[in-house]
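Please look over the sequence and the structure shown below. The text after them goes through selected contacts step by step.

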Amino acid sequence: TLWGMEYSIHECPKTHREDVASIFPQEDMQGMLIVPTCQKSDVNLVAWGEQADIEKDRLLERFVQFASCVCEWLMDKGYWADYIDPCSGLPMIHKNSNNVYGEVQGLVTLLGYQTQNAGCCKIILHPKWGSSVYPASFFTKAPLHEL
């Protein structure tokens, strides 16, 4: 994309519906689409330190700009949309739940990506970029042709 992201569009699978419904409890899951995005990082994001922190901030800002523009555009057309704060895992628009969306599990379920343990958490392994990837997702009930 112009935003430097890979993305794909998925109908919410049955195996994922309960998790997504807990994040958006006011929303019917019928027609729910999940759009996971991946940005290639200039550094390995498993690393600790200032360089990794700066890169994570850069990628976070890019995703938030992208997702807020897309969601605003979809909502202006009358469709429901929301995006997940990659730092907290919480929805950014419809904030009526404290349940967290797991980006790693989302990419495993939707795209079959592999994971790796990194200390106390799992990280996603992108098929081309390895752990140099920043995943983040948005959700919508817009028809596929609008995306």
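This is a predicted model: local features need pLDDT of at least 70, side-chain atom pairs count only at pLDDT 80 or more; totals for chains, interfaces and linings use all residues.

Residues are numbered from 1 along each chain as its sequence is written, and side-chain values use heavy atoms, with hydrogens and water left out.

Helices (H or I, at least four residues) and strands (E, at least two) are DSSP runs, numbered from the N terminus. Buried means under 20% relative accessible area, exposed means over 50%, and partly exposed lies in between (1.4 Å probe, protein chains only).

The aromatic rings come first. A pair of aromatic rings is described by the distance of the centres and the angle of the planes. Rings of Phe, Tyr and Trp (its six-membered ring) pair if their centres lie within 6.5 Å; planes under 30 degrees apart count as stacked, over 60 as edge-to-face and the rest as tilted. By this rule there are 5 aromatic pairs. In one of them, Phe24 and Trp80 have ring centres 4.9 Å apart and planes at 80°, so this pair is edge-to-face. The pair links distant parts of the chain, 56 residues apart: Phe24 is in the loop between helix H1 (14–23) and strand S3 (33–40), and Trp80 is in the loop between helix H2 (50–76) and strand S4 (81–83). Both Phe24 and Trp80 are buried.

Tyr101 and Phe139 form another edge-to-face aromatic pair, with 5.0 Å from centre to centre and 90° between the planes. This pair also links distant parts of the chain, with Tyr101 in the loop between S4 and helix H3 (103–111) and Phe139 in strand S7 (residues 133–140), 38 residues apart. Tyr101 and Phe139 are both buried. Together, Phe24, Trp80, Tyr101 and Phe139 form one aromatic cluster.

Charged side chains are the next topic. A salt bridge is a side-chain nitrogen of Lys or Arg within 4 Å of a carboxyl oxygen of Asp or Glu, and the whole structure has 5 salt bridges. One of them joins Lys128 and Glu6, at 3.9 Å from N to O. Lys128 lies in the loop between strand S6 (121–125) and S7, and Glu6 in strand S1 (residues 6–7), so this bridge ties together parts that are 122 residues apart in sequence. Lys128 is exposed, because its relative accessible area is 68%, whereas Glu6, at 25%, counts as partly exposed.

Which residues does Arg58 join into one network? The side chain of Arg58 meets that of Asp42 in a salt bridge of 3.6 Å, N to O. Asp42 is in the loop between S3 and H2 and Arg58 is in helix H2, 16 residues apart, and the pair links distant parts of the chain. Asp42 is exposed at 63% relative accessibility, while Arg58 is partly exposed at 32%. Arg58 also forms a salt bridge with Glu55, at 2.8 Å from N to O. Arg58 and Glu55 are 3 residues apart in helix H2, so about one helical turn separates them. Glu55 has 6% relative accessibility and therefore counts as buried. Through shared partners, these salt bridges join Asp42, Glu55 and Arg58 into one network.

The interior can be described through its nonpolar cores. A nonpolar core is a set of buried Ala, Val, Leu, Ile, Met, Phe, Trp, Tyr and Cys residues joined through side-chain atoms within 4.5 Å. The largest has 13 residues, and Phe63, Phe66, Val70, Cys71, Leu74, Tyr83 and Phe138 are those with the most contacts inside it. H2, S4 and S7 each supply at least two residues of this core, and H2 gives the largest share, 6 residues. Contact means heavy atoms within 4.5 Å. Not counting residues up to four places away in sequence, Phe63 touches Met5, Thr37, Gln39, Tyr83, Ile84, Pro86, Ala136 and Ser137. Apart from this core lies another, of 12 residues, among them Val20, Ile34, Ile84 and Phe139.

The last stop is Thr140, in strand S7. Is Thr140 buried or exposed? Its relative accessible area is 0%, so Thr140 is buried. Thr140 and Leu74 are 66 residues apart in sequence and 8.1 Å apart in space, C-alpha to C-alpha. Leaving out residues up to four places away in sequence, Thr140 touches Gly31, Met32, Leu33, Leu74, Trp80, Ala81 and Leu147.
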